[in-house]
Amino acid sequence: MRMLATIIRTSLVLMLVCGLLYNLAVTGIAQAMMPHQASGSLIKGDDGEIIGSELIGQNFKDLNDFQGRVSSIDYNAEGSGTPNYAPSNEDMIKRTAEAVEQWKKDNPDVPVSELPIDLITNSGSGLDPNISPKAASTQIPRISKLTGIPAQELQALVEDNTKPRELGFLGEPVVNVLQLNLALHERIAK
Amino acid sequence: MINFLAIIVPVLIVILLARPTGLYVAKAFKYERTGLDKVFGPVERLIYKAGGIRQDNQNWKQYAGSLVLTNAVMIGLVYLIFRIQAYLPLNPSHVANMEPTLAFNTAISFMANTNLQHYSGESGLSYLSQMIAIVFMMFTAPATSLAIAIAFIRGLTGRPLGNFFVDLIRSITRILLPIAFVAAFVFIAVGVPQTLEPSVVAKTVEGAEQIIARGPVGSFLSIKELGNNGGGFFGVNSAHPFENPDNISNMLQMILMMLVTTALPFTYGKMAGNAKQGRILFVSMLMMFIVTLGISLTSEYAGNPVLNALGIDHHQGSMEGKEVRFGVAQSSLYSVVTTASETGAVNTMHDTLTPIGGLITIGNMMLNTVFGGIGAGFMNVLMYAIIGVFLSGLMVGRTPEFLGKKIEGKEMKLIAVTMLIQPLLILAPTAIALAVYPETISNPGFHGLTQALYEFTSSAANNGSGFEGLGDNTTFWNISTGIVMYLGRFFSMVTLLAVAGSLLAKKTVPETTGTFRTDTGLFGAVFLGSVIIVGALTFFPAVVLGPIAEYLTLKP
């Protein structure tokens with residue numbers, strides 16, 4: 001009986017310390033020191049309205065825009081997820097083959113061999129904000145034709161929005177699709 | 001082109017941190033006065049007092065009893081919180097109460113250090129539940145297994161086992177809490193949210209409405225990795241950009257997952273007074289780790305032959321289910337780290353891995369000795385070391401000895417039962433699932449078999465990752481994996497502590513020239529041989545029917 005009392009009391013104390021105090025202390029300090037990151041790295045427009053988050057991808061269906069990765073959840077960040085297709089899954093193979101056909105239609109000037117695999121595969125989170133630099137530059141001929149902006153200028157935009165590997169060697173260089181498209185829209189507005 | 005530096009650097013950091021961390025852990029659990037008492041003593045005394053903890057030595061039955069009972073009480077408390085979360089504060093997204101079988105599964109899952117999740121964090125748990133149920137268990141579960149691993153080592157090395165409550169509290173105050181606290185701020189600095197504010201509504205560039213879930217993720221994330229817990233705040237775990245924004249956070253997560261588990265061989269070496277033996281075990285495990293990593297990387301870079309045949313630019317490798325910022329290299333490395341350390345966090349969807357990449361993750365969990373989870377993994381390793389000694393003894397016809405104690409019938413019976421329970425927990429329910437509940441399996445063909453096999457392997461090994469296409473939030477899966485996780489966790493803890501108790505009662509035999517030395521390269525080879533032979537004999541048939549068959553069907 002004595003041991004049971006010890007166990008219950010210890011459990012409640014640990015719940016208070018590890019569950020509540022620890023989390024609240026970190027939240028308090030983080031909100032005071034790094035409010036931008038702690039609140040979700042939100043991007044605000046000129047009117048102060050929230051456009052999105054630097055870290056969360058968005059849907060770009062318009063062919064004038066740079067397009068991001070396949071998202072089975074349509075970038076609905078209320079949740080997250082993928083269809084979890086196995087490499088042998090027929091639905092996945094069919095979806096990818098169709099994406100290649102669509103690419104040929106939308107980008108007649110760019111051969112399929114120039115289509116990087118990240119553009120036609122579903123990301124792990126369904127919210128991937130990035131594409132590879134190659135996946136951005138391969139869309140330039142299409143966007144240049146549709147918007148009339150010279151290809152070199154678009155290439156410069158892509159390079160401006162390319163984030164190199166962290167510390168110079170970790171991971172992969174990426175292009176943030178949302179920020180790239182915001183820069184593109186700014187250029188179009190000019 | 002593989003970016004080798006990005007693979008070598010994290011692995012090297014892990015190797016360099018292992019020994020100092022191991023020596024620190026040994027010191028943290030010393031009952032004699034150390035300098036650490038000055039720092040942590042006041043807080044610990046406060047907790048002992050509030051908890052009513054008497055700091056007396058326990059025998060193996062008392063130690064195991066306190067452990068099982070404490071964990072049972074915690075499971076009960078957390079179950080209750082899940083069931084009434086809708087009525088409790090800090091629930092800005094108005095999450096409903098959890099359904100009973102799911103709450104049963106989730107409470108066991110987190111207490112068993114498994115973190116198998118049949119719910120999605122965004123919609124299944126309130127902020128309060130994430131904090132006082134999930135994070136609470138993310139501290140107490142690894143603290144429990146670290147405590148018992150230390151008690152096991154004490155027993156093997158001829159010392160009293162100690163007191164469960166003292167070891168539990170020390171694991172938290174001296175190891176988990178300080179490291180998690182500091183790491184949380186690194187995560188937040190690179191973009192992990194830490195807020196109690198509700199989801200935010202954004203108006204996207206295309207003019208649509210985008211609801212963005214967030215929460216107190218930073219403090220959750222650091223203990224999730226450090227404690228080899230692995231349960232995600234968000235549904236897709238560390239593939240979510242908020243739960244792993246870049247490669248700084250990704251590398252830190254991998255280091256935290258490996259930190260304590262790679263340190264324990266050195267803790268053991270220190271406590272046993274035989275640093276060389278600890279080093280041999282460390283190197284043996286590191287060799288398995290590097291081999292599995294090499295195979296996984298090769299397979300993921302080669303990609304999916306069927307997609308590659310479409311004529312696209314596939315030099316990035318297999319990108320389905322992966323995030324661009326990690327690419328194949330960091331995804332593959334993470335998948336090996338998370339299964340070797342039995343954490344279960346994922347930054348890529350394991351269901352979408354190439355067949356051989358998936359085989360490596362499942363293989364790591366079946367062997368459960370490539371470092372393994374915090375504490376529990378190392379106990380498993382010592383079990384295989386004893387099996388190795390026993391087999392060697394049989395071959396030369398001598399009574400086997402380990403650390404100067406004779407290994408006899410009683411110990412071997414306990415170990416044999418422990419060894420046999422794991423395949424039973426994995427293969428039997430997999431067979432039932434395939435026969436009775438095939439509709440819950442999402443991918444057709446051989447891969448479907450792997451999905452069910454993975455779920456139970458992950459449960460039994462207390463890993464917690466999944467082939468997540470599985471429709472696993474059903475009564476069958478919730479109850480079956482709940483039971484498998486519970487037995488996978490607590491059965492071996494009790495039997496192995498009984499082995500330690502039995503050895504502790506024996507007289508030490510003096511070492512002679514005929515003693516099989518357990519601190520040589522030969523012993524390392526015997527250890528590896530035992531692991532691989534036992535693992536391969538047990539699981540080879542199932543693996544051939546699953547990932548290997550899928551591999552052969554994809555081959556061009």
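First, a term I need: a residue is called buried when its relative accessible area is under 20%, exposed when that area is over 50%, and partly exposed in between. I also remind myself that this is a predicted model.

**Entry 1: a buried pair in chain B.** I checked B:R174 and B:D37, and both are buried. They form a salt bridge, with the closest N and O atoms 2.8 Å apart. B:R174 sits in helix α7 and B:D37 in helix α2 (residues 36-51) of chain B, so this pair ties together parts 137 residues apart in sequence.

**Entry 2: a pair in chain A.** Next I looked up A:R69, which makes a salt bridge with A:D128, the closest N and O atoms being 3.1 Å apart. This pair links distant parts of the chain, 59 residues apart. A:R69 is in the loop between β2 (50-53) and α3 (90-106), while A:D128 is in the loop between α3 and β3 (130-131). Are these two buried or exposed? A:R69 has a relative accessible area of 3%, so it is buried; A:D128 has 2%, so it is buried too. I then found that A:R69, A:D128, B:E323 and B:R325 are linked in a network of salt bridges.

Entry 3: B:R517 and B:E511 form a salt bridge, with the closest N and O atoms 3.1 Å apart. B:R517 counts as partly exposed because its relative accessibility is 42%, and B:E511 counts as exposed because its value is 57%.

**Entry 4: positive charge on the surface.** Which residues gather in a patch of positive charge? I listed B:R19, B:K27, B:K30, B:R159, B:K270, B:K276 and B:R279. Helices α1 (4-28) and α10 (275-302) of chain B each supply at least two of the patch residues. B:R159 lies in the loop between α6 (127-156) and α7 (164-189), and at 36% relative accessibility it is partly exposed.

**Entry 5: helix α10 and positive phi.** I followed α10(B) along its 28 residues: it reaches 41 Å from first C-alpha to last, close to the expected 40 Å. After it comes B:G303, with a positive phi near 80°. B:N368 is in the loop between α13 (355-367) and α14 (376-396); B:N462 is in the loop between α16 (446-460) and α17 (475-504). B:N368 is buried at 12% relative accessibility, and B:N462 is buried at 7%.

Notes. Residues numbered from 1 in each chain as written. Chains lettered and ligands numbered in written order. Predicted model: local features only at pLDDT ≥ 70, side-chain atom pairs only at ≥ 80, totals over all residues. Heavy atoms only, no water. Patch = residues over 30% accessible without salt bridge, like charges linked within 9 Å, V, L, I, M, F, W, Y side chains within 5 Å. Areas by Shrake-Rupley, 256 points an atom, 1.4 Å probe, with all protein chains shown as cover. Salt bridge = Lys/Arg side-chain N within 4 Å of Asp/Glu carboxyl O. Lys, Arg positive; Asp, Glu negative; His and termini not counted. Charge placed at Lys NZ, Arg CZ, Asp CG, Glu CD. Helix = DSSP H or I, 4+ residues; strand = E, 2+ residues; numbered from the N terminus. Buried < 20%, exposed > 50% of the residue type's maximum accessible area, 1.4 Å probe, protein only. Expected span 1.5 Å × (residues − 1).
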